[in-house]
Amino acid sequence: MDAGVSSAAAASYHERVRAALREFGIPEELITRRHLVLCEEPAELVLAQVGAGGRDYLLTPPTKAAWDAMRTAAALDGIPLAIVSAFRSLDRQCEIVRDKLAQGQSIDQVLTASAPPGYSEHHSGCAIDIGSSEAAALEEIFETTPSYRWLIRHAGRFGFSLSFPRGNQYGYIHEPWHWCYRAG
Ligand SMILES: [Zn+2]
């Protein structure tokens, strides 16, 4: 992809993000106040895991490589890690926000647990919601599991860090299951 094409694609992505923020009445001020960072969709994604329902979990190639290494190391320690959520598109994030609003939540309530479209780390293909058989998926109780304790001790070695600890500056609830790969 040449620079002209990629900057055109970026401009169109930014325009779609702005349109989504307008649709949901999310002010730019909220993005600034909560220190949210725009996350672009990656050029390349690969299949990292097929979920129980036959759903494909996609990650960037470096994230998948790091995930494979980490999952293998965890398994050797008797810790079975699994992906609960991986890449998520801008359009899918809009659907999630629309569904929650339709269920009667206010936009402020929605944005404590879901990112504004365009600002989810899941758009980047580098974030993984990790689950275990020990606790319900995407629940704070995940922090009481051996899987979580293992991740706290070892995930950094594989390039993964916890994005939303308790009291995070982004205004999200504590998400002990959400880990993001950052190339070192
Ligand atoms: Zn997540």
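**Entry 1: a buried aspartate**

I began with Asp-129, which is buried, with a relative accessible area of 4%; here buried means under 20% relative accessible area, exposed over 50%, and partly exposed in between, with a 1.4 Å probe and protein chains only. I note that this is a predicted model, in which local features need pLDDT of at least 70 and side-chain atom pairs count only at pLDDT 80 or more, while totals for chains, interfaces and linings use all residues. Residues are numbered from 1 along each chain as its sequence is written, and side-chain values use heavy atoms, with hydrogens and water left out.

**Entry 2: the zinc ion**

Which residues are the protein donors of the zinc ion? I found Asp-129 (OD) listed together with His-122 (NE2) and His-178 (ND1), lying 2.0 to 2.1 Å from the zinc ion. Donors are N, O and S atoms within 2.8 Å of the metal (3.2 Å for Na, K and Ca), and because water is not among the atoms, sites may look incomplete. Along the sequence, I read the spacing of the donor residues as H-x6-D-x48-H. I also looked up His-122, which counts as buried at 3% relative accessibility.

**Entry 3: the largest pocket**

I then turned to the largest pocket, which holds about 570 Å³ of space. On a 1 Å grid over the protein atoms alone, a cavity is a set of points where a 1.4 Å probe fits but cannot get out, whereas a pocket is an open set with protein on both sides within 12 Å along at least five of seven lines, and lining residues have an atom within 4 Å of a point. Grid points are joined across faces, edges and corners, and the volume is the space filled by probe spheres set on the points.

Helices (H or I, at least four residues) and strands (E, at least two) are DSSP runs, numbered from the N terminus.

**Entry 4: cysteines**

How many disulfides does a search of the whole structure find? The search finds 0, a disulfide being a pair of cysteine sulfur atoms within 2.5 Å. Cys-39 is in no disulfide, and the nearest cysteine sulfur, that of Cys-180, is 7.5 Å away. For Cys-126, the closest cysteine sulfur is also in Cys-180, at 5.5 Å, which is too far for a bond. I recorded Cys-39 as buried at 11% relative accessibility, and Cys-126 as buried at 17%.

**Entry 5: residues in loops**

I found Glu-143 in the loop between β4 (127–131) and α6 (146–154), partly exposed, with a relative accessible area of 25%. Leaving aside residues up to four places away in sequence, Glu-143 touches Tyr-148, Arg-166, His-174 and Pro-176, where contact means heavy atoms within 4.5 Å. Glu-143 and Trp-177 are 34 residues apart in sequence but 7.7 Å apart in space, C-alpha to C-alpha.

Leu-138, in the loop between β4 and α6, has a positive phi of about 60 degrees although it is not a glycine, and I read Leu-138 as partly exposed at 40% relative accessibility. His-35, which also is not a glycine, has a positive phi of about 60 degrees; His-35 sits in the loop between α2 (28–33) and β1 (46–50) and is partly exposed at 41%.
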